[in-house]
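Q: I'd like to learn how to read aromatic contacts and a helix in a model like this one. Can you walk me through it?

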Amino acid sequence: MKYQKPWKSFEEQLQLLKVRGMKIGEPNQARSYLERIGYYRLSAYWYPFRTFQLETNKQNNKLILKAQDEFHPNTHFLDVVNLYLFDKSLRLSLTDALERIEIALRVDMAYLLGTKDAFAYRDKTRFHPTFANKKFRGKPAFETWQEKYSGLLKRSKEDFVKHFHRRYPGEDLPIWIAIEIWDFGAMSQLFSMMQTKDQTQIAQKYGVQDFSVFASWLRSLNYLRNIVAHHSRLWNRNIIDQPKLPNLGQIKWCDNFIGKQDLIAKPFLLIAIVRHLILVICPNTHWHTRLKQMLEGFPELKSEKTCSIKDMGAPENWQEWWTQKTPA
C-alpha cells in the first residue's frame, strides 16, 4: 500500500480534530501545543479517547477491535495535553532513578568480575557456558556481546579512553574502566551470562533470591530506559518485555502483581521495580515519595471517556506500601 496522506497545516490539523469530534477550546492555545509538540506525538495521547468498533480481519477472518476516526463525545484537547505533560514528568523522574541504578550495577559487576581478572569481561571461561553460548542473532551470546562492546568502544569520545590508549596502545581497558562505556543494554546482557553464583550474589544484594528474576528485571529496565530515552509514551503502554516475579511471599510488594496479567503487562510494575532498587541503592532517598505525589496528581480529565492511574497497571493498594522505607 502506498502512503497517500497529505501534509496539513496547523489550522488544518485543528480542523480535522474538530471534525472528528474533539473540543479544541482556545484555538491559539491549541495551535501553540501542536507547534511545540506535534500532531503525531500527541496522537498517542488521544488514542484512548477514540471510538472502537468490532470488524472482521480480512487475513484470518477473526473479529478485532479497530480504532475509528472519531472521538468519544465531549473529548477535550487540553486533556490530551495534560496526559502528555504527566507522561513527560514521569519519564523525567525515571531518568534520574534509572541513572542511579545503572551506575550502581556497573560498580557491582565490575567489582565482582574484577576480583577474578581485570579483563574478565573478555574471558569466556569466566562466564556460564550455557548462557554464554546461547544463540543470539545467530551467534553465541558472548560473541555478540563482544561485538557490541567493540562498537561502543570505537564510538566512544571519552577523554579517559583516549588517554588510556595513548599510554597503553593496543591494550584492553580493565573492567573498572571499560564499564564506563557500557550502556544499560550491554550491562544487562553481560549480567545474564555471568556464573549463576555471581548473578545470585548481586541479586541477593538487592533482596532478590532468584538470579533469573533479577536478570529479567534488568532486561525489562533496559526496555524501560529505551522508552524514556526516546521520549516515547509510557504511562499506559503495553509492556512487551515483561519481567519475572519471585515466588509468592518472597518480596511482599510483588505479591500484588503475581497472577495478574493485566497488571504485569502495564508499566506500573516496572516503576515499582525501579522503586525497589532505588531504596536499596539510596536508603535515605525521597525519590519514591516524590514520585508518589506525582502519581497521585494524575490529571483530572473533563472528557466523557476518562483515564486514571489504573490504566498504568497500579494495584488497588499501591499507596499502602509505596512509601515504606524498605523495598519489601
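This is a predicted model: local features need pLDDT of at least 70, side-chain atom pairs count only at pLDDT 80 or more; totals for chains, interfaces and linings use all residues.

Q: Which residue lies over the face of W322?

A: That's R275, at 5.6 Å from the ring centre. W322 also belongs to a cluster that ring pairs link together, along with W217, W253, F257, F268, W318 and W321.

Q: How do I describe a pair of aromatic rings?

A: You give the distance of the centres and the angle of the planes. Here the count comes to 23 aromatic pairs. Take Y47 and F52: their centres are 5.4 Å apart with 80° between the planes, so the pair is edge-to-face, as planes over 60 degrees apart count that way. Y206 and F214, on the other hand, are stacked, with 5.5 Å centre to centre and 20° between the planes.

Q: Are Y206 and F214 buried or exposed?

A: Y206 counts as buried because its relative accessibility is 1%, and F214 is buried too, at 0%.

Q: What about helices: which way do residues three or four places apart point?

A: They point the same way, because an α-helix has 3.6 residues a turn. For a case here, look at α11, residues 211-229: its 19 residues reach 27 Å from first C-alpha to last, close to the 27 Å expected at 1.5 Å a residue.

Q: And what is the phi of H231, which follows α11?

A: Positive, near 60°.

Definitions and conventions
Residues are numbered from 1 along each chain as its sequence is written. Side-chain values use heavy atoms; hydrogens and water are left out. Helices (H or I, at least four residues) and strands (E, at least two) are DSSP runs, numbered from the N terminus. The expected span of a helix is 1.5 Å times one less than its number of residues. Rings of Phe, Tyr and Trp (its six-membered ring) pair if their centres lie within 6.5 Å; planes under 30 degrees apart count as stacked, over 60 as edge-to-face and the rest as tilted. Buried means under 20% relative accessible area, exposed over 50%, partly exposed in between (1.4 Å probe, protein chains only). A charge sits over a ring if NZ of Lys or CZ of Arg is within 6 Å of the ring centre and within 35 degrees of the ring normal.
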